[in-house]
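User: I'd like to go through some side-chain calls with you. Can you show me the model?

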Amino acid sequence: MALSRSLSMTSLSGVLPAWDEDQLPVEDLLLFEVAWEVTNKVGGIYTVIQTKAKITVDEWGENYFMMGPYFEHNFKTQVEGCEPPNPAIRKAMDSLIHNGCQVHFGRWLIEGSPYVILFDIGSAAWNLDRWKGDLWQTCNIGLPCHDREANDSLILGSLIAWFFKELTDQLGDKPNVVAHFHEWQAGPGLILSRSRKIPMATVFTTHATLLGRYLCAGNADFYNNLDKFNIDKEAGERQIYHRYCLERAAVHCAHVFTTVSQITAVEANHMLHRKPDVVTPNGLNVKKFSAMHEFQNLHSTNKTRIQEFVRGHFYGHLDFNLDKTLFFFIAGRYEFSNKGADIFIESLSRLNYLLRVHRNDVTVVVFFIMPAKTNNFNVESLKGQAVRKQLWDTAHIVKEKFGKKLYDALLKGQIPDMNTILDRDDFTIMKRAIYATQRHSLPPVTTHNMLDDSTDPILSNVRRVGLFNSRDDRVKIIFHPEFLSSTSPLLPMDYEDFVRGCNLGVFPSYYEPWGYTPGECTVMGIPSVTTNLSGFGCFMEEHVSDPAAYGIYIVDRRFRSPEESCNQLTQFMFNFCQQSRRQRIIQRNRAERLSDLLDWRYLGRFYIHARHLALSRAFPEKFKVDPMAPPKTEGFRYPRPYSVPPSPSASIHSTPHHSDVEDDDDDDEPYDEDEEAERDRMNIKAPFSLGAVPEGKKRSISN
């Protein structure tokens, strides 16, 4: 089914209505952002609100507050307690506290140090039955007693609505309140606030519809049947009807409804029966990822660390050239079909066949970084790293003796006899080391002992396609069923360092409302594969006319059959393997030049628009927005990030550790800075001009 593009970024009232952001009187407003993930890392929404905090604090200063649930451990480790700067907020908190409900205030210790108001759900749980009755009387939504998450959401929402009632009673007409709610867990607070006619502007953002995630996890042909699903029946069969009702009620109660991507906007229109008013794409704090020195060095350094791990993992079978080995990876939640791991494994089998048929000397090592149930590290994996370290120590011992004898001979003015410079003991030590590397089994596919080895989806499909890391395979697989950590005894690398060391990230998702993983690859200058069913892929198709040239390969999973999509993914990976080192360097430079497109300094403007629109609907006599005004944009202008070297050649001369030393036959790949700048102007559409951060009531962070 051809999906309408009417909700794309450039067709939602232009790019952004043309108003002067500085005219928004933030000194006369209070902004509250409500999410279950405030100081509480659960999923991707935590990344959204954490990375966006800095630009929001710069705009709103002392008038910006985040709200969420209180967890003692999170508060002690992530929050610095302090007094509220606004006396009205203090009085509203005291009103709840005097009625037996605990409320905590402080600064969240992240960049920007935003204020947080955290509500202790446990202290208010005695009100649950009464609040369930209020919800039923208000909107005829009943919550079952066994759904702990839904019950906790109602307690949090009731506390937040109570807080807003006390606050607005204290404030009167000024300042006005804007409240932005994220996901269905925050929905009860919005529903109750609106039903009680609390005077404030509300925004609701869905990052993924509840039912959409459930349907796709069940392998439904989701996008071709969006208009055919019986929504109530599907939600009831999955025992989430009450959650779906909360989500849908919040969507229809909000003054402004937003979602994170064009593809999710289409989905929400069918699932929740409201067309989003604004698409608010997820951004990144690009400064965190774009080092001010040359990012190519970081690729080289971290690639060397990955190579060391591979040397140990494949000991005894290291018959491939690591200098001609490419590292691919897929990472994220273990949703086998939603994340596209099924099509990825099938494509790897076909890629292996192509590389063998064409007698290509390139080897591909593929990492699956997806957390699954394990009981410990695989003994063979740990042994491999021990053997590698032992060989390294042996080589250093022999090198020290060799170096000393060579040094003594040269001091005497003699050329040493290479046949006698190593004695019998040295040869014995080396032979013992070589004997220790003998291996009679294949290198393991997984680094851990899996609890459900026989039924695990990844391992079952690896067995089906026969990729067992044999000597003849040009594609090797390593399944690491834990998130990466620098303290791991096996692969001691943080996720960011690991990504920088890889050559290609592959994320052929079927259901991905946004997709932070390819975005993180982009801002770190690593090419990636995504799909036109992910929000990120749609965004890049919208703003880059030739994404593949910039290292963004977009698999068509919307209009092609699974077989055709699989072949397309295979071809993308095979073409990548055919690239010269020089071509890969140029592509990394181009990919990193897209990082500003994903910066919150750009994408935060959509949130500004959503708030302004909500204010105009809640308080039309005070705030005006003309949705038909022409967009404020400079068209096809795109600045070069400061961290990018002018060209690969400049990087070579400025550092001794260039990431990929070009072969002599790679000199036919020209790189002209002016041509690259012209390519950017022709291919990349900036959503709007990058000006100064809107002036707000900025505050200094005191200790």
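User: What makes lysine 622 count as sitting over the ring of phenylalanine 619?

Analyst: The charged end of lysine 622 is 6.0 Å from the ring centre of phenylalanine 619. A charge sits over a ring if NZ of Lys or CZ of Arg is within 6 Å of the ring centre and within 35 degrees of the ring normal, so lysine 622 is called as over that ring. Lysine 52 also lies over a ring face, that of tyrosine 607, at 4.7 Å from the centre. Bear in mind that this is a predicted model, where local features need pLDDT of at least 70, side-chain atom pairs count only at pLDDT 80 or more, and totals for chains, interfaces and linings use all residues. Residues are numbered from 1 along each chain as its sequence is written, and side-chain values use heavy atoms, leaving out hydrogens and water.

User: How do you know whether cysteine 502 is buried or exposed?

Analyst: Its relative accessibility is 0%. Buried means under 20% relative accessible area, exposed over 50%, and partly exposed in between (1.4 Å probe, protein chains only), so cysteine 502 is buried. Cysteine 145, at 71%, is exposed.
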